[in-house]
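Subject: Structure handover

Hello,

Here is the structure I promised you. Please open it next to this email and follow along.

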Amino acid sequence: MSTQDNKQVVRRFYDEVMGEGRVDVLDEVMVEDFVDHGEALFDSPHGRDTLRQGIEATHEILPGLHVSLHEMVAEGDLVGVRGTMRCRHAGAFFGVAGTGHELSWEGIAVFRLAEGRIAERWFNSDSISILRQLGLAPSRSGAESEAG
Amino acid sequence: MSNGNDTGRNKELVRRCVEEVWNGSRTEVIAEIMHPSFRRHHERNPDFDSYGQDGCEAWVKAARAALPDLHLAVELLFAEDDRVMLHLLGTGTHRGDLYGLPASGTPLRFTVTAVVRLAEGKIAECWAIPDELGIRQQLGAVPPLG
């Protein structure tokens, strides 16, 4: 598979699976024993079925989910993306009841593909921003709390 | 590739930035490898962006004041056109203010994912997102989420 093919698979994951909630497409774009290297907020849901359940649940509580990809970088079997996720906070998210407000945050992810399907993912998202939008972490504008 | 980009050289510059500037504290290397118009984009607030070689040096010095033994291990490094992407595993001991939290001696372990843009053979722009929640949780500032 070329790097262009791999980029197209990652784009389908974001547009069709994450955006449109078409979890039936997941089998086409991801291997069954998918390995996720997450972070503190979103953890590491190993396996395609676990991710599928997570995406289904997410669409219930965060309708209108959409990821705008600002750029894609590919070499060999790796594809990286930088994007903004937007959704509406309709149901309980990290224990916070739905408010109807829009949530948005930045993220950067790297995917490893094997024979045209996503096999592995590494990512970091601006999780502190999500917690602040949910009112779970104090919003501070001081430089001392932002430096790092 | 377009624009005559040498992705091999670009990756080498980014690796030198991690190993010499960030891990080695060799801030004199900044003038050689960072573009004078360098900009680091803060992940949520452009008021905290860093500009220029001086801004880069201040960013590195602030991080190393918080974590003097900071070490960033390059787990993934790849490139296309004028972009380089990397995933890092960071370790360091909390010996100075970090996110407004005073030194605690806590050993930290965290990931960072980043995109770098190169221009005129130098590092011109950077978007980097650390696992800030994971760091704050390790420092006891945010409870684990259920």
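Leaving out neighbours within four places in sequence, Val10(A) is in contact with Met72(A), Val79(A), Val81(A), Phe111(A) and Ile118(A). Contact means that the C-beta atoms of two residues, placed from the backbone, lie within 7 Å. This is a predicted model: local features need pLDDT of at least 70, side-chain atom pairs count only at pLDDT 80 or more, and totals for chains, interfaces and linings use all residues. Residues are numbered from 1 along each chain as its sequence is written, while chains are lettered from A and ligands numbered from 1 in the order in which they are written.

Now the cores. The largest nonpolar core has 52 residues. Val10(A), Val79(A), Ile118(A), Met85(B), Ala114(B), Val116(B) and Ile123(B) touch the most other members. A separate second core holds 10 residues, including Leu41(A) and Leu133(B). A nonpolar core is a set of buried Ala, Val, Leu, Ile, Met, Phe, Trp, Tyr and Cys residues joined through C-beta atoms within 7 Å. A residue is buried with 20 or more other C-beta atoms within 10 Å of its own, exposed with 12 or fewer, and partly exposed in between; these C-beta atoms are placed from the backbone.

Next, strand E5 (residues 117-125) of chain A. Here 7 of the 9 residues are buried, so the strand is largely enclosed by the rest of the structure. Helices (H or I, at least four residues) and strands (E, at least two) are DSSP runs, numbered from the N terminus. Strand E1 (residues 30-37) of chain A runs parallel to E5(A), joined by 4 bridges. Met30(A) stands opposite Ile118(A) there. Strand E4 (residues 102-114) of chain A pairs with E5(A) in the antiparallel sense, over 8 bridges. Pairing needs at least two DSSP bridges between the strands. Gly107(A) has Ser125(A) as its bridge partner. The hairpin of E4(A) and E5(A) has 2 residues between the strands, and Glu115(A) in this hairpin takes a positive phi near 50 degrees.

Most residues other than glycine have a negative phi. Chain B has exceptions. Phi of Glu120(B) is near 50 degrees, and Glu120(B) lies in the loop between E5 and E6 of chain B. Glu120(B) is exposed, with 8 other C-beta atoms within 10 Å. Ser25(B) has a phi near 60 degrees. Ser25(B) is partly exposed, with 14 such atoms within 10 Å.

Last, the contact between the chains. Chain B gives 34 residues and chain A gives 35. E5(B) supplies the most on the chain B side, with 5 residues.

Best wishes
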